[in-house]
Amino acid sequence: NWHDAVPGEIPEGVAALETVLATGVPVYAITNFSAEKWAECLDRFAFLNHFEDVIVSAHERLVKPDPAIFRVFLERSGLAADECLFIDDSAANIATADSMGFDTIHMTEPRCLMGKLRVRGVLQ
């Protein structure tokens, strides 16, 4: 029943991703997926192929909210936490990112994401 739990993309999230990508800002992902489900989702959801890089928990043997997976991202991207905006629907993941110096958006309402990106100056 896994497909029932993940029936489709969140249109507002995909629209935000495409809008940010159009500005030339690199976009990365940190995701808690098994290797098999990640491979399947890459086929199911085309937008997942547009990230600069993706840190997949199964590949790293780490899961959010463990700070170690965020450190893997920072090392691989060459970015500092204070240069990054982290968006997630999990309060625990947001808390970890906040504690590490990331700017964060706790996405509880996808329809509000574009407005929050404008407030942060990511979008005009």
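Student: Let's start with one residue. In which strand does Tyr28 lie?

Tutor: Tyr28 belongs to strand E1, which covers residues 28-31. Keep in mind as we go that this is a predicted model.

Student: Is Tyr28 buried, exposed or partly exposed?

Tutor: The label comes from relative accessible area: under 20% is buried, over 50% is exposed, and partly exposed is in between. Tyr28 has a relative accessible area of 24%, so Tyr28 is partly exposed.

Student: Which residues does Tyr28 touch, beyond those up to four places away in sequence?

Tutor: Here a contact is a pair of heavy atoms within 4.5 Å. With those sequence neighbours not counted, Tyr28 touches Phe51, Glu52, Asp53, Phe73, Ser77 and Leu79.

Student: Which residues are linked with Arg76 in a network of salt bridges?

Tutor: Asp53 and Glu60 are linked with Arg76 in that network. The side chains of Glu60 and Arg76 meet at 2.7 Å, N to O. Glu60 is in helix H4 (residues 57-60) and Arg76 in helix H5, so this bridge ties together parts that are 16 residues apart in sequence. Glu60 is partly exposed too, at 26% relative accessibility.

Student: How many salt bridges are there by this rule?

Tutor: The count comes to 5. One of them joins Asp88 and Lys64, at 2.9 Å from N to O. Asp88 lies in strand E3 (residues 85-88), while Lys64 is in the loop between H4 and H5, so the pair ties together parts 24 residues apart in sequence. Check the accessibility of this pair as well: Asp88 and Lys64 are both buried.

Student: Now the nonpolar side chains. Which residues have the most contacts inside the largest nonpolar core?

Tutor: That core has 20 residues, and those with the most contacts inside it are Phe47, Leu48, Phe51, Val54, Leu113 and Leu117. At least two core residues come from each of helix H2 (11-22), helix H3 (35-44), strand E2 (53-56) and helix H7 (113-119). H2 gives the largest share, 4 residues. Another core lies apart from this one, with 13 residues, among them Ile30, Ala81, Ile94 and Ala97.

Student: What is Phe47 in contact with, leaving aside neighbours within four places in sequence?

Tutor: Phe47 is in contact with Glu9, Val14 and Leu17. Glu9 is placed in the loop between helix H1 (2-5) and H2, and at 42% relative accessibility Glu9 counts as partly exposed. Although Glu9 and Phe47 are 38 residues apart along the chain, their C-alpha atoms are separated by 8.8 Å.

Notes: Residues are numbered from 1 along each chain as its sequence is written. This is a predicted model: local features need pLDDT of at least 70, side-chain atom pairs count only at pLDDT 80 or more; totals for chains, interfaces and linings use all residues. Side-chain values use heavy atoms; hydrogens and water are left out. A nonpolar core is a set of buried Ala, Val, Leu, Ile, Met, Phe, Trp, Tyr and Cys residues joined through side-chain atoms within 4.5 Å. Buried means under 20% relative accessible area, exposed over 50%, partly exposed in between (1.4 Å probe, protein chains only). A salt bridge is a side-chain nitrogen of Lys or Arg within 4 Å of a carboxyl oxygen of Asp or Glu.
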